[in-house]
Amino acid sequence: MRTLLIAPIRLYQRAISPLIPQRCKYHPSCSAYAAGAIREFGPVRGVVLAGWRLLRCNPWSHGGVDYPADQRLFRS
């Protein structure tokens, strides 16, 4: 299941992302964050974290360094 969710992200990273200018204010990029979150937290939690990250990545955001392991939505 993880592989099926990460495959479109990898396709985007390799085929579409190089064609558009970099605009993500966060490090790692939103697509890398999504793939890492799905890999680390599983399909359901990973997709929720990726969606939350995409909502935060907007023109009014300050951005910065944000890794999936540092999230506070799903505390262990």
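Helices here are DSSP runs of H or I with at least four residues, strands are runs of E with at least two, and both are numbered from the N terminus. With that rule, the protein chain comes to three helices and two strands. From the N terminus on, the order is α-β-α-α-β.

A word on the source. This is a predicted model, where local features need pLDDT of at least 70, side-chain atom pairs count only at pLDDT 80 or more, and totals for chains, interfaces and linings use all residues. Residues are numbered from 1 along each chain as its sequence is written, and side-chain values use heavy atoms, with hydrogens and water left out.

Now the overall form. Along the principal axes, its C-alpha atoms fill a box of roughly 35 × 30 × 15 Å.

How much of the chain is buried? Buried means under 20% relative accessible area, exposed means over 50%, and partly exposed lies in between, using a 1.4 Å probe and protein chains only. Buried residues make up 28% of the 76 residues.

Next, contacts, meaning heavy atoms within 4.5 Å. Take those between residues at least 6 apart in sequence: 74% join residues at least 24 apart.

On to the core. In general, nonpolar side chains tend to be buried together in soluble globular proteins. A nonpolar core is a set of buried Ala, Val, Leu, Ile, Met, Phe, Trp, Tyr and Cys residues joined through side-chain atoms within 4.5 Å. The largest one here has six residues: Ile6, Ile9, Ala34, Ala35, Ile38 and Ala50. H2 gives the largest share, three residues. Look at Ala35. Leaving aside neighbours within four places in sequence, Ala35 is in contact with Ile6, Ile9 and Arg10.

Start with Ser61, in the loop between helix H3 (43–56) and strand S2 (64–65). Ser61 counts as buried, at 13% relative accessibility. Its side chain reaches the backbone nitrogen of Gly63 at 3.1 Å. Not counting residues up to four places away in sequence, Ser61 touches Lys25, Tyr26 and Arg56.

Second, Gln71, in the segment after S2. Gln71 is buried, with a relative accessible area of 13%. Beyond its neighbours within four places in sequence, Gln71 is in contact with Tyr33, Phe41 and Leu49.

Third, Pro21, in the loop between H1 and strand S1 (26–27). Pro21 is exposed, at 58% relative accessible area.

Last, the cysteines. How many disulfides does a search of the whole structure find? A disulfide is a pair of cysteine sulfur atoms within 2.5 Å. The search finds zero. For Cys24, the nearest cysteine sulfur is that of Cys30, 3.2 Å away. For Cys57, the nearest is also that of Cys30, 3.6 Å away. Cys57 is partly exposed, with a relative accessible area of 24%.

Key:
Polar contact = N/O pair within 3.5 Å; in protein donor to acceptor, adjacent residues only side chain to side chain.
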